[in-house]
Structure formats: structure tokens, C-alpha cells
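I opened my notebook to keep track of what I looked up in this one. Here are my entries, in the order I made them.

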2 protein chains.
Amino acid sequence: MTSEQPDVAAARHRLAGHAVRTPLLEAPQINAVAGRRVLVKAECLQRTGSFKFRGAWNKLSSLSPDERARGVVAFSSGNHAQGVALSGKLLNAPAVIIMPADAPAAKIDATRAYGAEVVLYDRDTEDREAIGAALAAERGLTLVRPFDDPFVIAGQGTCGLEIAEQAAEAGVTAADVLVCCSGGGFAGGIALALETTAPFMRVRPVEPEGFDDFGRSLATGERVTNDRTSGSIQDAILSPTPGELTLPIGRRLFGPGLAVSDTQVLAAMRLAWQWLKIVVEPGGAAALAAALYRADAVSGDAVIVTASGGNVDQGVFERALGVG
Amino acid sequence: MTSEQPDVAAARHRLAGHAVRTPLLEAPQINAVAGRRVLVKAECLQRTGSFKFRGAWNKLSSLSPDERARGVVAFSSGNHAQGVALSGKLLNAPAVIIMPADAPAAKIDATRAYGAEVVLYDRDTEDREAIGAALAAERGLTLVRPFDDPFVIAGQGTCGLEIAEQAAEAGVTAADVLVCCSGGGFAGGIALALETTAPFMRVRPVEPEGFDDFGRSLATGERVTNDRTSGSIQDAILSPTPGELTLPIGRRLFGPGLAVSDTQVLAAMRLAWQWLKIVVEPGGAAALAAALYRADAVSGDAVIVTASGGNVDQGVFERALGVG
């Protein structure tokens with residue numbers, strides 16, 4: 001862990017011309033369901049299909065030429081894997097991704113397609129930390145953490161700078177900003193970005209019901225851990241406890257957390273398909289679901305939500321459309 | 001018909017802050033299928049789900065206050081209807097859309113949801129032109145043509161200005177630009193925009209097989225008309241013959257046309273869903289299908305395509321996913 005502070009402005013400079021400036025979308029039909037304006041930051045359109053590319057790119061492009069040449073290693077079964085894989089490919093940093101052998105084949109294939117070396121491990125009998133440590137020592141790889149890294153947090157924060165600008169263009173300068181939240185890197189980065197550029201906006205983390213460790217940690221003042229590690233289709237946002245770097249950011253800057261059910265998320269995915277023309281994965285639709293179905297817990301004439309990712313298996317997507 | 005020339009720069013000024021600056025997307029997996037870089041202008045993310053909002057907004061915002069107050073009328077069963085409806089609502093211009101009674105209920109409902117008055121007619125027994133003329137005379141409505149209007153062409157052309165800028169950011173300044181083409185307003189507007197901003201780009205119209213009136217008109221030097229008016233799922237781009245204003249633009253600026261099958265379009269829709277995370281309708285996927293499956297007819301290291309719209313019925317979308 002480093003004590004360096006996340007520098008969102010520097011991250012934006014590094015990402016310019018490399019990350020997609022994703023649009024902030026709005027549809028009258030979505031607004032009608034929510035009872036207020038809903039501005040949707042379509043980060044599922046980011047390279048590799050999620051915001052994770054931002055943090056990975058910022059981290060890898062901050063490494064020294066030597067570090068890059070030796071390569072990077074990450075643990076992930078999902079979006080972080082793909083963000084690190086593509087960033088590594090584009091920046092000529094060999095990437096090793098340690099993935100559980102029972103991860104969806106589509107995600108393993110996609111990670112390989114983005115150019116990474118995938119090392120599979122058995123969740124029941126092997127220790128991924130030990131595998132990663134051995135690889136890192138042997139090859140001199142740099143570990144890219146999914147959220148507890150100031151460069152990763154700063155990279156995710158570039159999305160917040162765009163939100164501030166695009167919302168202002170849409171006439172919105174004060175709003176709750178609902179962010180799909182797992183370890184808190186995305187929500188934390190956005191909050192840091194908004195602190196200086198949009199002082200009347202407030203980040204609120206959105207998590208799956210039963211996996212709302214971040215919201216409960218904020219509410220209780222104690223770091224809490226989820227009882228379960230699986231059992232929701234919102235697979236991208238099931239990490240067990242807030243990050244070491246991100247929880248203090250959340251305590252200082254976040255509003256109260258929200259939690260949504262899988263059923264609400266599936267309905268939000270369908271509305272996003274129908275009216276916004278975007279493909280959103282379950283964990284990426286949590287914030288939209290909160291805007292639509294927890295409207296009582298949100299105030300103001302407008303709400304901003306992240307559609308954080310779109311890497312969804314076809315079977316789950318069919319469930320959202322009602323044909324699965 | 002007016003003799004005024006399309007003014008794309010003025011249109012951009014009118015659209016600023018009102019239309020979405022849609023992203024130019026790219027995915028390695030799409031590139032791999034096409035055998036070259038494919039940059040996808042995701043205009044399905046435009047307001048109302050298609051580029052048609054651009055032209056409609058430019059036309060309606062160019063009307064005098066008196067004209068706007070009296071209102072507008074348009075004939076359309078699809079995307080133009082929705083673009084005019086929402087523009088009218090936002091600009092306080094009452095909009096009447098004349099739609100066939102057998103148009104998909106979803107499109108009729110969406111047009112009403114965007115605030116328009118929908119007048120249904122019977123295709124077999126009624127004349128929509130007569131209905132429109134009577135309404136226009138009675139209420140002093142302004143007719144908004146779908147493509148043969150310099151303000152509409154100029155509005156669509158704003159997409160071309162964005163393509164030139166975004167492609168340059170992606171390192172592409174010379175490419176074929178494949179545009180889904182019906183009457184030619186979108187392709188023509190983009191070609192006018194690129195003529196001054198990207199002289200090494202060339203628009204090529206893409207149409208459904210058997211409905212390639214524009215491509216054949218370019219090839220033969222004669223204005224030709226399609227034999228059929230229905231029989232393809234690419235419903236948005238089945239107009240029978242090139243426009244009066246757009247064909248001369250095409251003759252001067254377009255490269256040869258391309259035609260794609262419904263099967264190719266369905267496959268392109270699925271790849272766009274899987275890798276770009278966008279929802280594209282059949283007629284909006286024609287250009288991507290040409291890049292993917294007519295690669296032999298395209299040259300260069302990169303190709304740019306429009307994903308023109310996303311207003312697709314669920315049943316058709318399920319066919320693209322292979323579950324319909």
C-alpha cells in the first residue's frame with residue numbers, strides 16, 4: 001500500500017485519447033418511471049465493457065518503463081481482469097490474470113482475447129494470493145489491485161470529472177450520484193472528482209441486498225463484512241468489505257448507501273435495453289435500479305446513476321428480457 | 001422544396017447541448033472479425049434512439065416563432081416520427097405524426113410518449129398525403145420531410161463533424177465511412193460534413209439486398225426505384241428511391257454502395273450487443289454488417305460505420321441473439 005493521494009487530474013491527462021468519453025444518457029420513459037430526471041453515465045460503453053479500464057490504464061501508464069516491461073499481475077474473475085488485460089496489451093506490459101477455474105468461460109475467453117496470460121486456480125484447494133506472490137517474485141510483476149490503489153481510484157475518478165461536465169451541460173449541478181459499489185474504488189474516485197468540480201453533488205453507494213457492506217459500514221461507523229460471498233446475480237459488486245483506502249473517502253464524502261434486489265436489477269436492465277439502447281450487466285444496473293425503484297430514498301429533481309458495466313452472459317440477459 | 005443549401009456548421013450550433021455527442025466505439029473482437037479496425041459511431045444512443053433527432057431538431061429550431069406555435073406534421077412509421085415528436089415537445093411546437101394503423105404498437109406508443117399527436121390512417125383505403133395536406137392547411141402546420149430538406153440534411157450532417165473529430169483522436173484520418181442509407185439524408189449530411197473536415201474519408205451508402213436503390217442509382221447514373229416496398233427486417237431503410245436533394249450529393253461525394261442481407265444484419269446486431277454493449281436495430285446495423293461481412297469490398301486499414309438506430313422490437317432482437 002502506498003500513502004500517495006489519488007490524483008484525478010493527472011489520471012485524466014493519462015487517459016485522454018485512450019478511454020472513451022462515455023455519454024450521459026436520458027430518456028423520458030426512464031424519467032417517468034423514476035418520477036424525476038435520471039441521467040445515466042453509460043460506462044458499459046467504456047473499453048472492455050466497464051469503467052475498470054480507466055483505473056487499469058492509469059495504473060499501468062504510471063509504471064516505470066522497467067516495471068512495464070516486467071509486467072503486471074491481477075486477481076479477478078471479471079471486469080478488472082479485462083481492464084488490466086487490454087491496458088497491458090496496449091502499453092506493452094505483459095499481464096497475468098489469476099482467475100478461478102470455474103469462472104464463466106466467456107470471461108476467461110474475453111480476458112485472453114484482450115491479450116492476457118490467464119492462470120487458472122482451484123478455489124477449493126489453491127490459494128490465489130500465494131500463486132500471485134510466487135509469480136510476482138519470480139518475474140518481478142507489479143500487482144494491480146482492483147480498488148485499494150491510489151492510481152486505480154484516480155483513474156475511476158476521471159468518470160466523475162466527465163459526469164460533472166456533462167450534467168452541467170444538461171442543466172444539472174445538484175444531485176445525488178448513485179454509483180454501483182463493490183470495494184469502493186469507482187464510488188470513491190467519483191466522489192473525489194466531484195468534491196472539487198461539483199460541490200452540490202453527493203455520491204451514494206449502491207449494493208446488492210444482503211451484500212451492502214459499504215452502506216452498513218458507513219451507517220454503523222464500523223467496517224463490516226458480508227455474511228455471504230455469493231448468491232446474487234450482481235457478481236461484479238460482491239466484494240466482502242470496503243477497501244482500506246476507499247472507506248475513509250466514503251466516510252468523508254458519501255451519502256447513505258442503498259441496496260437493491262436482483263429482481264429490481266433485472267427490470268432496470270430491461271428498461272436500459274428498451275429506452276437507452278445500452279447493454280448493462282446486473283452489477284452495473286444496481287444504481288439505475290435504485291433510481292427507479294428506491295425513488296423514495298432519493299431526493300431532488302434529478303438523479304445521476306452509473307451504468308458501470310455491460311459484461312453479461314447471454315442467459316442472464318435473456319432473463320432480464322423475460323425470455324430466459 | 002427550397003433551394004437553400006444545407007449548413008452543417010449552423011446545425012451544429014443549434015444542436016449544441018441538445019443532441020448527444022455519441023461515442024465512436026471500437027472493440028478488438030469486432031476488428032478481428034472484420035480484419036481491420038472498425039470504428040462504430042453509436043448513433044443508437046442519440047435521443048429517441050436514432051440519428052433522426054438531429055435533423056428534426058435542426059429543422060424545428062429553424063422555424064419562426066409563429067411557425068413553431070402553429071406546429072409541424074410528419075409522415076413516418078418509425079424513427080423520424082420519434083425525432084420530430086420529441087423535438088416538437090422540447091421546442092413547444094405541437095407535432096402531428098401521420099402513421100399507418102398497422103405500424104408496430106411499440107412505435108406508435110413511443111411516438112405518443114414523446115408528446116406527439118398520432119393520426120392513424122389505413123394504408124389500403126386512405127391517402128396519407130391528402131390527410132397531411134388537409135391538416136397542414138387547416139392548422140397551418142409545417143411539413144417536416146424525412147430527408148429532402150436542407151435543414152434535415154444539415155442536422156444529420158452534425159454526426160459527420162463528430163466522426164471527423166473522434167476518428168482523428170483515434171488516429172484515423174483516411175477511411176471509407178459506411179452509412180446506413182434510405183433516402184440519403186444521413187449519408188448525404190455526413191458526406192457534406194466530411195468534405196471540408198476529413199477530405200480523405202469517403203461515404204459509402206449501405207442498403208438491404210434487394211432495396212439498394214441508392215447504390216444502383218449511383219452505379220447506373222439513372223434514378224432507380226426498388227421493385228418491392230417491404231420484405232426485409234431492415235424496416236428503417238426501405239425507402240423506394242433516392243431523394244431529390246440527396247442523390248446529387250451522393251453523385252458528387254459518395255463511393256460505391258454496398259448491400260447486405262438480413263442474416264448478415266442479425267449477426268452484426270449480436271456482435272454489437274456482445275462486444276460494444278449497444279442495442280442496434282436491423283436497419284441501423286447494415287453498415288456494421290457490411291464492414292464485417294463485405295470486407296472484400298472495403299479497402300484500407302480502418303473503416304468507420306454508423307450504428308444508426310436502436311428502435312428494435314424485442315422479438316426481432318431475440319432473433320439476433322438466437323433465441324427468437
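This is a predicted model: local features need pLDDT of at least 70, side-chain atom pairs count only at pLDDT 80 or more; totals for chains, interfaces and linings use all residues.

**Entry 1: a helix**

I started with helix α9 of chain A, residues 185–197: its 13 residues reach 18 Å from the first C-alpha to the last, close to the 18 Å expected at 1.5 Å a residue. The expected span is 1.5 Å times one less than the number of residues. Helices (H or I, at least four residues) and strands (E, at least two) are DSSP runs, numbered from the N terminus.

Residues are numbered from 1 along each chain as its sequence is written, while chains are lettered from A and ligands numbered from 1 in the order in which they are written.

Next I checked burial. A residue is buried if 20 or more other C-beta atoms lie within 10 Å of its own, exposed if 12 or fewer, and partly exposed in between, with C-beta atoms placed from the backbone. In α9(A), 10 of the 13 residues are buried, so this helix is largely enclosed by the rest of the structure. Among them are Phe186(A), Ile190(A) and Leu194(A).

What do the buried residues of α9(A) pack against? I found α1, α3 (52–61), α8, β7 (175–180), β8 (201–208) and α11 (246–253) of chain A. Contact here means that the C-beta atoms of two residues, placed from the backbone, lie within 7 Å.

**Entry 2: the sheet**

I traced an open sheet of 6 strands in chain A, ordered β1-β2-β10-β7-β8-β9, with mixed pairing. Two strands pair if DSSP finds at least two bridges between them. The edges are β1 (24–25) and β9 (258–260) of chain A, each pairing on one side only. β1(A) runs antiparallel to β2 (residues 37–42) of chain A, and 2 bridges join them. I picked out Leu24(A), whose bridge partner in β2(A) is Lys41(A).

I found Thr48(A) in the loop between β2 and α3 of chain A. Is Thr48(A) buried or exposed? It's buried, with 27 other C-beta atoms within 10 Å.

In chain B I noted Lys277(B), also not a glycine, with a positive phi of about 65°. Lys277(B) sits in the loop between α12 (262–276) and α13 (286–293) of chain B. It counts as buried, with 28 C-beta neighbours inside 10 Å.

**Entry 3: two domains**

Chain A is assigned domain 1 (8–50 + 149–321) and domain 2 (53–143); such bounds come from an automatic or database domain assignment. In chain A, the centres of domain 1 and domain 2, taken over C-alpha atoms, are 24 Å apart. 24 residues of domain 1 of chain A touch 17 residues of domain 2 of chain A. On the domain 1 side, α8(A) gives the largest share, 7 residues.

**Entry 4: two copies**

A rotation of 180° with 0.0 Å of shift along its axis puts chain A on chain B, RMSD 0.0 Å. The two copies are thus related as by a two-fold rotation axis. Superposition is by least squares on the C-alpha atoms of residues with pLDDT of at least 70 in both. In chain A, the C-alpha of Ile278(A) is nearest the axis, 2.3 Å from it.
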